[in-house]
Amino acid sequence: MVIKIGIIGYGKHAGTIMGLLKKINDVKLEYIFHPTKNINSPLFTNKLNELYNCDIVMVLSPNTTHFYYLKKLIKNSNAYIFCEKPPVVTCNQIKYLKKIPNRKKHKIFFNFNFRFSKLNYYFKKYLESKKIGSPISVNLTSTHGFAFKREYLKSWRSDGKSNRHNILETMAIHFLDLVNLHLKDMTITNYIPSLQSKKGTSFDTCIINGSDKNNVYFSILNSYAAPRISNALTITGTNGILTIDNNFIKIYSPRNTFDRNGLFKHPPLLLKKKFNIDIDYRNSLRDSLNFFISSVKNCKKFDLDSFETSVNVNELIINLKQNHR
């Protein structure tokens, strides 16, 4: 059986997804939809209803358009839906998602692809391992200089009228999702967005701080206006330290390491191995897509837990936007 796919969107990310689809057997790209553009391709259409009979529809358009397309597809199509994060951008839209019948929820997949990453695997594996001990703090950092590139000003990401908190919705949401998956009942104490590059009108940088019910502190820094730091993770525990940075994962342990005078000194390097963060990101996107396509081929239902955790972290960032002064 060949799976027929319709794609909504024609940006860089949509191009990446289309490239990955070419490597998957038994799928066929049937339509590429854009509401206004006219592109010389037999697959291109401006008629959304032509996608309704596809087996899969992928919503890869700008964040503010997701809800419109989700609502149309849920009402008019029986297709499986692959939707980029964040699912929606307002509280009322969240309320709509929560009320969707379960039979429809079972066919919707929100692409939080970091859930399929090695970064997530190591986060979970070592968060409370004997090598690290009880976790005290988690720090996540990911930055690069996109705001200083010419194409940034032409991008929807720089437009503060429709995407003022774009750094939160497109970048920080990944790391909030990881924290939300592994810490218990987290509470955010600070959300500080800023426009550091002076380019465009949306925030290009944000810092998020908080803690969970076990008093594990977390801090997230994301920016389009800084030198590149790729998905760096530090977990500090009562017995050791885990770091992922500069293409290595390292663990320093145990705590009780002393110098000749009996004073504490930095723990020895217990583990060091290569960890290519760029490859990990590409593989997480590939693996997320493969999981989705495989589930559709086998007529599987997506877990309601996955839907609910996606909606929960989406609601969290909407509340951060609304409460920002």
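Helices and strands here are DSSP runs, numbered from the N terminus. The model is predicted.

View 1. Is Asn215 buried or exposed? Asn215 is exposed, because its relative accessibility of 64% is over the 50% cut-off.

**View 2. Cys299 also has a positive phi.** The value is about 55°, although Cys299 is not a glycine. Cys299 is found in the loop between H9 and helix H10 (304-323). With a relative accessible area of 62%, Cys299 is exposed.

**View 3. Helix H1 packs on helix H9.** Two packed helices are described by the angle between their axes and the distance between the axes. For H1 (residues 12-21) and H9 (residues 277-297), the angle is about 60° and the axes are 11 Å apart. H1 passes H9 in a right-handed crossing. Which residues make the contact? H1 supplies His13, Thr16, Ile17, Leu20 and Leu21. H9 supplies Leu285, Arg286, Leu289 and Ile293. By class, the residues of this contact are six nonpolar, two polar and one charged.

View 4. The model has 24 aromatic pairs. What does the pair tie together? Phe114 lies in the loop between strand E6 (108-111) and helix H5 (118-126), and Tyr281 lies in helix H9, so the pair joins parts 167 residues apart in sequence. Phe114 is buried, at 5% relative accessibility. Tyr281 is partly exposed, with a relative accessible area of 32%.

**View 5. Ring pairs build an aromatic cluster.** The cluster links Tyr80, Phe82, Phe109, Phe116, Phe291, Phe292 and Phe302. Tyr80 also has a charged neighbour: Lys107 lies over the face of its ring, at 4.7 Å from the ring centre.

**View 6. Lys118 sits over Tyr121.** How far is the charged end of Lys118 from the ring centre of Tyr121? The distance is 5.3 Å, with the charged end placed over the ring.

**View 7. Leu43 makes contacts from a loop.** Leu43 belongs to the loop between strand E2 (27-33) and strand E3 (44-45). Leu43 is partly exposed, at 26% relative accessibility. Leaving aside residues up to four places away in sequence, Leu43 touches Leu29, Glu30, Tyr31 and Ile32. Thr64 is 21 residues from Leu43 along the chain, and their C-alpha atoms are separated by 24 Å.

**View 8. The peptide bond from Lys85 to Pro86 is cis.** Its omega is near -10°. Where does Pro86 lie? Pro86 is in the loop between strand E5 (80-84) and helix H3 (91-99).

**View 9. The peptide bond from Ser253 to Pro254 is cis.** Here omega is near 5°. Pro254 falls in the loop between strand E13 (248-252) and strand E14 (269-274).

Technical notes. Residues are numbered from 1 along each chain as its sequence is written. This is a predicted model: local features need pLDDT of at least 70, side-chain atom pairs count only at pLDDT 80 or more; totals for chains, interfaces and linings use all residues. Side-chain values use heavy atoms; hydrogens and water are left out. Axes are lines fitted to C-alpha atoms, for helices over the stretch in contact, and angles run from 0 to 180 degrees between N-to-C directions. Helices (H or I, at least four residues) and strands (E, at least two) are DSSP runs, numbered from the N terminus. A crossing is left-handed if the near helix is turned anticlockwise from the far one by less than a right angle, and right-handed if clockwise. Contact means heavy atoms within 4.5 Å. Ala, Val, Leu, Ile, Met, Phe, Trp, Tyr, Cys and Pro count as nonpolar, Asp, Glu, Lys and Arg as charged, and the others, Gly among them, as polar. Rings of Phe, Tyr and Trp (its six-membered ring) pair if their centres lie within 6.5 Å; planes under 30 degrees apart count as stacked, over 60 as edge-to-face and the rest as tilted. Buried means under 20% relative accessible area, exposed over 50%, partly exposed in between (1.4 Å probe, protein chains only). A charge sits over a ring if NZ of Lys or CZ of Arg is within 6 Å of the ring centre and within 35 degrees of the ring normal.
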